[in-house]
Amino acid sequence: MNNMNIKKDTGCMDDYDPNSLPPDVAQMKIARSLEVIPGVEKLALRSSLNRTLAADIRANINVPSGTNSAMDGYAVISSDIPAQGTADLQVIGNCRAGVPFTDTVKSGDCVRIMTGGILPAGTDTVIVQERVARKGDVITIDNTTRTGDNVRRAGEDIAPGDIVLNEGHCITPADLGLLASLGIGEVKVHRRLRVAFFSTGDELRSIGEALDAGCVYDSNRYTLHGMLRRLNVDAIDMGVIADERELVEQALLEASEIADVIITSGGVSVGEADYVKEAVNKIGAVEFWKIAMKPGRPLAFGRVKDAWFFGLPGNPVSVMVTFYLFVQQALRSLMGQRKTESFTIKMPCVSRLKKRPGRIEYQRGIMQRDENGNWQVQKTGAQGSGILRSMSQANCFIILPMESEGVQPGMAVEVQPFFSIM
């Protein structure tokens with residue numbers, strides 16, 4: 001099996017363990033332990049994409065800046081609109097965005113105006129061009145337009161003093177445009193989070209190294225690198241650490257000196273060569289390490305010196321599932337981001353799914369429309385925690401609750417699309 005870490009993990013056995021924490025309890029324990037990492041910096045607007053705001057942003061101008069036309073048409077005085085029938089008005093000028101009409105409009109007059117043009121003094125309504133018959137400089141209007149129609153008032157969208165973005169908001173491309181429209185060129189953001197990560201295992205080799213008998217290429221550092229890059233943190237790859245107590249302990253201490261968070265893969269179970277949890281307990285503290293879920297039961301959370309610690313399982317699918325379920329939100333919280341609720345949806349499953357009660361399972365699925373256009377989901381195939389291809393092919397998790405004893409084809413299941421978490 002190429003490109004996979006197939007490290008035996010007795011903590012991933014299928015038997016029910018009453019000492020394992022339910023995933024939601026583990027998430028709550030993590031959330032209650034975290035504090036935002038201190039440090040704020042000021043960035044140029046274009047450099048702030050995907051960063052987290054460290055302060056509310058308030059507007060200092062009106063948006064729109066002036067009362068303007070929402071449509072192409074004619075700016076008129078509403079008292080000139082007839083109660084019934086039609087009326088004629090004299091066109092005395094033109095107005096478009098950035099080129100205002102500066103004279104005052106009197107009763108019986110109107111101004112040709114384009115979308116975004118500032119309403120000329122004296123006018124209060126825009127009649128769309130489709131409602132007007134024009135001959136030379138005279139237009140004929142009907143009685144269907146109401147006072148104030150097709151007009152955007154100054155400050156209608158944003159007024160001075162309004163909070164436009166809150167502290168804890170992660171800046172999106174739309175936000176860049178919004179802030180630019182307010183003339184804001186710099187923003188205060190939380191500093192980048194520093195995350196050190198490494199894999200453990202005598203059997204692991206890095207790409208480019210020869211594979212000895214019984215060895216595999218380390219895939220976990222690559223999936224971790226990709227997931228961390230999407231979170232816009234400073235990711236520090238410390239490589240592969242051999243299964244030796246002293247080396248594991250030294251790596252953890254080094255990581256705690258340079259990072260806010262340490263993530264390891266492998267070595268948190270109960271095998272004879274699993275030293276990560278033991279080392280963390282020696283130089284720090286493990287708060288918990290078993291979750292009632294599959295894949296990913298042996299997840300450890302704690303501290304090493306001043307750094308937060310997440311010990312992920314060794315199997316590649318378990319690494320990704322536990323990262324998205326526990327680590328990702330923790331990193332966002334440490335960066336000052338507000339918590340967002342996960343999105344799930346119910347849909348019929350066309351596959352038969354095996355499961356034992358006593359744990360929550362996150363099976364990998366493909367959601368797609370059937371021939372009638374209705375959404376359905378099916379499993380990707382074999383669901384072993386070492387089959388990384390199941391994650392590569394999937395576009396969602398199929399979440400089977402604690403009490404579930406499996407799914408028969410046609411039954412409704414809870415689905416978490418990857419677009420909502422990745």
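Predicted model: local features only at pLDDT ≥ 70, side-chain atom pairs only at ≥ 80, totals over all residues.
The protein has seven helices and 26 strands. Its radius of gyration is 30 Å, well over the 22 Å that the globule rule gives for 422 residues, so the protein is more spread out than a compact globule. Along the principal axes, the C-alpha atoms fill a box of roughly 95 × 50 × 40 Å. Buried residues make up 50% of the 422. Among contacts with a separation of 6 or more, 73% join residues 24 or more positions apart.

Helix packing was examined next. Two packed helices are described by the angle between their axes and the distance between the axes. Helix α6 spans residues 316-334 and takes part in two of the pairs described here, with α3 and with α1.

Helix α3 covers residues 220-230. The axes of α3 and α6 come within 11 Å and cross at roughly 30°. The two helices are therefore roughly parallel, as the angle is under 35 degrees. The crossing of α3 and α6 is right-handed. On the α3 side, the contact is made by Asn 220, Thr 223, Leu 224, Met 227 and Leu 228. Helix α6 contributes Pro 316, Val 319, Met 320, Phe 323, Tyr 324 and Leu 331. By class, this contact has nine nonpolar and two polar residues. No charged residue takes part in the contact of α3 with α6.

Helix α1 runs over residues 23-33. Its axis and that of α6 come within 10 Å and cross at roughly 20°. This pair, too, is roughly parallel. The crossing of α1 and α6 is right-handed. Pro 23, Ala 26, Gln 27 and Ile 30 of α1 meet Leu 325, Phe 326 and Ala 330 of α6. Six nonpolar residues and one polar residue form the contact of α1 with α6, and no charged residues are present.

Helices α4 (residues 245-258) and α5 (residues 276-283) form another pair. They pack at an angle of about 55°, with their axes 9 Å apart. That angle makes α4 oblique to α5. Here again, α4 passes α5 in a right-handed crossing. Arg 245, Val 248, Glu 249, Leu 252 and Leu 253 form the α4 side of the contact. The α5 side consists of Val 276, Glu 278, Ala 279, Val 280, Lys 282 and Ile 283. The contact of α4 with α5 has seven nonpolar and four charged residues, with no polar ones.

The bond from Val 63 to Pro 64 is cis, with omega near -5°. Pro 64 sits in the loop between β2 (57-58) and β3 (68-69). A cis peptide bond also joins Lys 294 and Pro 295, where omega is about -5°. Pro 295 belongs to the loop between β19 (293-294) and β20 (300-304).

Two residues other than glycine have positive phi. For Asn 232, phi is near 60°. Asn 232 lies in the loop between α3 and β16 (234-241). With a relative accessible area of 17%, Asn 232 is buried, as the value is under 20%. Lys 305 has a phi of about 55°. This lysine lies in the loop between β20 and β21 (307-312). Lys 305 is partly exposed, with a relative accessible area of 49%.

Other loop positions were placed by sequence and space. Lys 339 is found in the loop between α6 and β22 (345-348). It is exposed, with a relative accessible area of 57%. From C-alpha to C-alpha, Lys 339 and Pro 64 are 31 Å apart in space, and they are 275 residues apart in sequence. Glu 203 occupies the loop between β13 (194-200) and β14 (204-205). At 16% relative accessibility, Glu 203 counts as buried. Glu 203 and Val 187 are 16 residues apart in sequence, yet their C-alpha atoms are 47 Å apart.

How values were computed. Residues numbered from 1 in each chain as written. Heavy atoms only, no water. Axes fitted to C-alpha atoms, helices over the stretch in contact; angles between N-to-C directions. Helix = DSSP H or I, 4+ residues; strand = E, 2+ residues; numbered from the N terminus. Parallel < 35°, antiparallel > 145°, perpendicular 65-115°, else oblique. Left-handed = near helix turned anticlockwise from the far one by under 90°. Contact = heavy atoms within 4.5 Å. Nonpolar A, V, L, I, M, F, W, Y, C, P; charged D, E, K, R; others polar. Rg over C-alpha atoms; globule rule 2.2 N^0.38 Å. Buried < 20%, exposed > 50% of the residue type's maximum accessible area, 1.4 Å probe, protein only.
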